[in-house]
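Please look through the structure first.

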Amino acid sequence: MRSQSFGALTAFLLFSGAASADVTNECGMPTIETDDVGATLILTYDAAVQTKFCNGTAGFSSNVFVDTSYLPTSPIYFATGNVTPVGNIVNIGAFPSGSELIFFIEVTDTGDVFYSGPGSRNPDGLVHAFVKALSTPIGDEFYIGFEDLFGGGDGDFDDIQFIVRLELDEDGDGVGDLTQDLCLDTEAGDVVDADGCSIAQLCPCDDPWKNHGAYVSCVAHAAEEFVESELITDDEKDVIASAAAQSSCGAK
Ligand SMILES: [Ca+2]
Ligand SMILES: [Ca+2]
């Protein structure tokens, strides 16, 4: 089965980015070509992954997930057909180069589960999804559509549709480095805000603080904002604030 190595698809994209006239939702489902059907999506760089839900034409309702062996939290749910609003964006997280993003739908009406990629992954042995590279100025986007009927249905892969956006994410914080991450080189595992900044980056110990209190105040303020954004708990905030108070950062 063909793997889409999107780093090398530039020439191909020039000829395949146009949407067809057969638009079934606000995303504008593209024309599917033979190579798109059953294609796999394998990352060729460390990427922040985001999904944009486009719904589809299904009478059934399906829960939609991304599965990868690389994340302990896998699989990750991100939408439900005919329930999740069209255009809804979910930040899925950071995935290392070499990971395959395997998508699957769980059809709630029938209990069937169908995966993207080769048909051998599915209970009926048939391909149930297409993956098509879209043309984007920054980052990479792929249009994905699923067929939700056992046996392949009508084979137009438009029952569940969504767009996956990938962006280089070298610090692995799940925030794309090209357009969103204001703090590159975040320490691995650190919790970050929507701008990709950790508390340690917002309040660097080695900045020229007026005094120790100014540093402690910066950390306390940042930690409070992280709590309000539900990035950390109150208990975690207390631990962070206590560590800042006991540090020598800002001390003359
Ligand atoms: Ca990043
Ligand atoms: Ca960052």
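Numbering the bonded cysteines of the protein chain in sequence order, what is the pairing? The pairing is 1-2, 3-4, 5-7, 6-8. This is a predicted model, in which local features need pLDDT of at least 70, side-chain atom pairs count only at pLDDT 80 or more, and totals for chains, interfaces and linings use all residues. Residues are numbered from 1 along each chain as its sequence is written, chains are lettered from A and ligands numbered from 1 in the order in which they are written, and side-chain values use heavy atoms, with hydrogens and water left out.

## Disulfides

A disulfide here is a pair of cysteine sulfur atoms within 2.5 Å. By this rule there are 4 disulfides.

| Pair | S to S distance | Torsion about S-S | Hand |
|---|---|---|---|
| Cys-27 and Cys-54 | 1.9 Å | -90 degrees | left-handed |
| Cys-183 and Cys-197 | 2.0 Å | 85 degrees | right-handed |
| Cys-205 and Cys-249 | 2.1 Å | about -100 degrees | left-handed |

Helices (H or I, at least four residues) and strands (E, at least two) are DSSP runs, numbered from the N terminus. Cys-27 and Cys-54 form a disulfide. Cys-27 lies in the loop between α1 (10-16) and β2 (40-41), and Cys-54 in strand β3 (residues 47-55), so the link ties together parts 27 residues apart in sequence.

Cys-183 and Cys-197 are joined by a disulfide. Both sit in the loop between β11 (160-168) and α2 (199-202), 14 residues apart.

A disulfide also joins Cys-205 to Cys-249. Cys-205 is in the loop between α2 and α3 (212-228); Cys-249 is in the segment after α4 (234-246), 44 residues away.

Burial follows relative accessible area: buried is under 20%, exposed over 50%, partly exposed in between (1.4 Å probe, protein chains only). Cys-27 is buried at 16%, and Cys-54 is buried at 0%. Cys-183 and Cys-197 are buried. Cys-205 is partly exposed at 40%, whereas Cys-249 is buried at 7%.

## Calcium site

Donors are N, O and S atoms within 2.8 Å of the metal (3.2 Å for Na, K and Ca); water is not among the atoms, so sites may look incomplete. The calcium ion (ligand 1) is coordinated at 2.2 to 2.4 Å by Asp-169 (OD), Asp-171 (OD), Asp-173 (OD), Val-175 (O), Asp-177 (OD) and Asp-181 (OD). The donor residues are spaced D-x1-D-x1-D-x1-V-x1-D-x3-D in sequence. Val-175 and Asp-181 are buried.

Six donors count as octahedral if opposite donors are over 155 degrees apart and all others between 65 and 115. The 6 donor atoms around the calcium ion (ligand 1) subtend angles of 78 to 171 degrees, so the arrangement is octahedral. Asp-171 bridges the calcium ion (ligand 1) and the calcium ion (ligand 2), which lie 4.0 Å apart.

Terms used
Tetrahedral: all angles 85-135°; square planar, octahedral: opposite > 155°, others 65-115°.
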